[in-house]
Amino acid sequence: MPLKELLLSIKELPKEISKLIKSLECTSTRCINIGLKYKKSLPEKIKDIHWIYIPEKKYPFYRVGIYSNVSKKLVPQNCYSLYVEMSNIKNCDNIIPLLKDIGIINVDDEILSLNVVDMKYAYVIFNKERQETLNKINTFLNKKNIYCIGRYGTWEYSFIEKNITDAKKLALTLNHE
Ligand SMILES: Cc1cc2nc3c(=O)[nH]c(=O)nc-3n(C[C@H](O)[C@H](O)[C@H](O)COP(=O)(O)OP(=O)(O)OC[C@H]3O[C@@H](n4cnc5c(N)ncnc54)[C@H](O)[C@@H]3O)c2cc1C
């Protein structure tokens, strides 16, 4: 569970620890998953591509990934699937026309499914207080035999592979104690 949630769930948290919670800042993200059926072929722009960054301000999304280019087995024949990530969730009404505008979706393709996933914890903000805050929190938690791992557990910027190897390392350490 995210470190912030863990601390909030502890009853009688010492004041010197609870006052640190506000320093744990992060951004939230909306992820829109879209399943489509193409009329002729996969859009030229996304052929053989796993993900694309879109930095232009006029687009409310910053990254689009193509699940079905990772494995064709993820979709039925003549279909493709995308995720669209955006950090400003107020601005997501017209994403389909914008995706068509940049050629990530063909104009005449059929949308078969669309679902929205809001992630409260997305990117940890590395503010000035972060490291000192984490040192104090972890000293407190470790004394209670609580060891944190994971991107949100350790309040860091990391990726799936690191999360798996960190979990393995911690399991080995605890088994040898
Ligand atoms: C928008 C976005 C894009 C990303 N893209 C990539 C990428 O392309 N490649 C990459 O490697 N990484 C990517 N990441 C990072 C990756 O998702 C994380 O590093 C990874 O998921 C962290 O794994 P974890 O096990 O630490 O935490 P999580 O994946 O968050 O797993 C924690 C699990 O614990 C559950 N949980 C929480 N609280 C409780 C509770 N109280 N009781 C029981 N269960 C609970 C949650 O529901 C969740 O299933 C991305 C992250 C975001 C937000």
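I shall speak about the domains, the sheet, the nonpolar core and the surroundings of the ligand.

Please keep in mind throughout that this is a predicted model.

Let me begin with the division of the chain. There are two domains: domain 1 consists of 3-25 + 126-176, and domain 2 covers 27-122. Taken over C-alpha atoms, the centres of domain 1 and domain 2 are separated by 33 Å.

In what order do the strands of the open sheet lie? The order is 2-3-4-1-5, with 5 strands and antiparallel pairing. Strand 2 (51-53) and strand 5 are the edge strands; each has a single partner strand, so one side of each has no neighbour in the sheet. On average, and ignoring direction, neighbouring strands of this sheet are turned by 20° against each other.

With strand 5, strand 1 runs antiparallel, and the two are joined by 11 bridges.

Next, the nonpolar core. The largest such core holds 15 residues, and those that touch the most other members are Ile 34, Phe 61, Val 64, Leu 82, Val 84, Ile 95 and Ile 104. Strand 1, strand 3 (61-66), strand 4 (79-86) and helix 4 (95-101) are the elements that each supply two or more residues to this core. Which element gives the most to this core? That is strand 4, with 4 residues.

Finally, I come to the ligand. Around the ligand are 14 residues, of which Met 1, Gly 150, Arg 151, Phe 159 and Ile 160 come nearest. Two or more residues of this shell are given by each of strand 1 (26-37), strand 5 (110-124) and helix 6 (160-176). Sorted by class, the shell contains 7 nonpolar, 5 polar and 2 charged residues. Both domains take part: domain 1 and domain 2 each contribute at least three residues to the shell around the ligand.

How values were computed: Residues numbered from 1 in each chain as written. Predicted model: local features only at pLDDT ≥ 70, side-chain atom pairs only at ≥ 80, totals over all residues. Near = placed C-beta within 6 Å. Nonpolar A, V, L, I, M, F, W, Y, C, P; charged D, E, K, R; others polar. Domains from an automatic or database assignment. Pairing = 2+ DSSP bridges. Axes fitted to C-alpha atoms, helices over the stretch in contact; angles between N-to-C directions. Core = buried A, V, L, I, M, F, W, Y, C linked by C-beta atoms within 7 Å. Buried ≥ 20, exposed ≤ 12 C-beta atoms within 10 Å, placed from the backbone.
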